[in-house]
Amino acid sequence: MKFTGTDAYVATEDLTVAVNAAITLERPLLVKGEPGTGKTELARQVAQSLGLEMIEWNIKSTTRAAQGLYEYDAVSRLRDSQLGEERVHDVSNYIRRGKLWQAFASEKRVVLLIDEIDKADIEFPNDLLQELDRMEFHVYETGETITARHRPVIIITSNNEKELPDAFLRRCFFHYIRFPDMETLKKIVEVHHPGIKPALLTTALTQFYEIRDQQGLKKKPSTSEVLDWLKLILAEDLSPEDLKRDASEALPRLHGALLKNEQDVHLFERLAFMARRAR
C-alpha cells in the first residue's frame, strides 16, 4: 500500500515520502501548512490513490473529543420512557457512533481525516491520545470495548492556529506543506486549467508571487486563491498585456480573488499613491 500521487493532485516527493512513512509506521500523519495549500484535499487523494473509503471528521471550536467516539442521547431515552416505548430497555438504541467508531468498525481499512484539529480546545488532542494509540475505546453505557478491525490511515490537518501538545506530537509523523515554488505551482495550475497559455501563466504567476512577497501583507493569497484568480482571468479572456501594471497602478486585475481584507487592499492603494508622488 503506497501513495504515489494522483492525476488530480500534484504531490511533491517529500510529501509522498511523509504519507508512506506514516502508513508504514501506522502513525497518524499530522499535516500543517497555510490555509489553501491542499491539506484536506491530500486526504481525499490518498484515499482515492489507495482505493479506500474516506471518513471525514471536521473539527469546530465546540467539538469535543468524545464526540468522535460516540454520543449517548439521554434526552431521547427519557422521552421514549415517558411514552412507554419498548426500545427504551436497550441502551444501545441511544448510542450514536462517532467518526472514530465508524472507522474502527469498518470491515475494510479506511482513511480517517481529522480536519483542522487546531480549531478545537487545547485539551482536544490529549483526549484522543489513548484511542489513537491503542486503537480501542470503552463504551461505558453498554460496557463494551470497541477495537479497530483494521487500523485506519489517519491524516490530521492543522492551520497552525495554536500549538499542539508534545505528547500528541510524539505520536504523529509530521509534515509541513511548504508553499509551492513557481514550477510546482505551474504543474498544479495545469491540473486545474489544462492548456493555459504559457505566456499568460508566467505573467500571472509572476504578479501573484510579487503580491505574496509584499511586505506588510496581512493575509498572503494561497494556492486555492490563485486558482480562482486564474479561472476568472480565463473567463474574462484577458491577455498577458491586460495583466501588466506599473507601480503607480493600485491593484491587480480581479484583485478580489487574491486580497481578502480591507487592510491589504489599502496597503496596495498606499503603495500606488506613493509611487505616483515619487514621479
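**Exercise 1.** Across which strands does helix α2 (residues 39-50) lie, and at about what angle does it run to β5?

*Solution.* The structure is a predicted model, in which local features need pLDDT of at least 70, side-chain atom pairs count only at pLDDT 80 or more, and totals for chains, interfaces and linings use all residues. Residues are numbered from 1 along each chain as its sequence is written, and side-chain values use heavy atoms, with hydrogens and water left out. Helices (H or I, at least four residues) and strands (E, at least two) are DSSP runs, numbered from the N terminus. Helix α2 lies across β1, β2, β5, β8 and β9, and runs at about 175° to β5, where angles run from 0 to 180 degrees between N-to-C directions and axes are lines fitted to C-alpha atoms, for helices over the stretch in contact (heavy atoms within 4.5 Å).

**Exercise 2.** Describe the sheet, then follow one of its pairings.

*Solution.* Begin with the order, which is β2-β5-β8-β1-β9 in an open sheet of five strands with parallel pairing; two strands pair if DSSP finds at least two bridges between them. At the edges stand β2 (53-58) and β9 (173-177), each of which pairs on one side only. Next, take β2 with β5 (residues 110-115), which pair in the parallel sense over six bridges. Finally, within β5, Ile114 is the bridge partner of Trp57.

**Exercise 3.** Is Lys197 buried or exposed?

*Solution.* First locate Lys197, which is found in the loop between α9 (182-192) and α10 (198-212). Because its relative accessibility is 62%, Lys197 counts as exposed (buried means under 20% relative accessible area, exposed over 50%, partly exposed in between, with a 1.4 Å probe and protein chains only).
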